[in-house]
Amino acid sequence: MHEISVLKQAVDIAEETATENNIQRIAYLTLEVGELSGYLPVFFEKYYPLVTENRPMFEGSELRMVMVPGEALCKECSAMYNVMRNEGRCPKCGSRSKKILGGTEFRIRDIGLG
Ligand SMILES: [Zn+2]
């Protein structure tokens, strides 16, 4: 369960950013979670109340998540495809040889102001 530690880091960053900008209250925190990041959104939802506990800035705030699709480029036939939907295999030629183009990220997309 790495989710709790990366979520805590994201909340720390959001808190620092808000403090630097004289923001007293955060309405929502939007995270970008790649399909291939290995993180499960359900755990972020579960841990968010825990991680934001005793942080007045986050009181009543909402966690939002944007899933980023895991896209790959086939090294054999140059087809672009979704890794999750095709179980890591090119739907055109069946090759597993690929270059990952996106979907491994985990980052803060935006911080909503209260
Ligand atoms: Zn292919």
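**Chat about a predicted model**

Q: What share of the protein chain counts as buried?
A: Of its 114 residues, 19% count as buried. Buried takes 20 or more other C-beta atoms within 10 Å of a residue's own, with C-beta atoms placed from the backbone.

Q: What kind of model is this?
A: It is predicted: local features need pLDDT of at least 70, side-chain atom pairs count only at pLDDT 80 or more, and totals for chains, interfaces and linings use all residues. Residues are numbered from 1 along each chain as its sequence is written.

Q: How many helices and strands are there?
A: Two helices and six strands. Both are DSSP runs numbered from the N terminus: helices are H or I, at least four residues, and strands are E, at least two.

Q: In what order do they run?
A: From the N terminus on, α-β-α-β-β-β-β-β.

Q: Which strands form the open sheet?
A: Three of them, in the order β4-β3-β5, with antiparallel pairing. Strands pair if DSSP finds at least two bridges between them.

Q: Why is one side of β4 and of β5 left without a neighbour in the sheet?
A: β4 (80–82) and β5 (98–102) stand at the edges, so each has a single partner strand.

Q: How many bridges join β3 and β5?
A: Four, with β3 covering residues 71–74. Leu73 has Lys99 in β5 as its bridge partner.

Q: New topic. What is the radius of gyration?
A: The protein chain has 17 Å, while a compact globule of 114 residues would have near 13 Å. The radius is taken over C-alpha atoms, and the globule rule is 2.2 Å times the number of residues to the power 0.38.

Q: What box do the C-alpha atoms fill?
A: Roughly 55 × 25 × 15 Å, along the principal axes.

Technical notes
A residue is buried if 20 or more other C-beta atoms lie within 10 Å of its own, exposed if 12 or fewer, and partly exposed in between; C-beta atoms are placed from the backbone.
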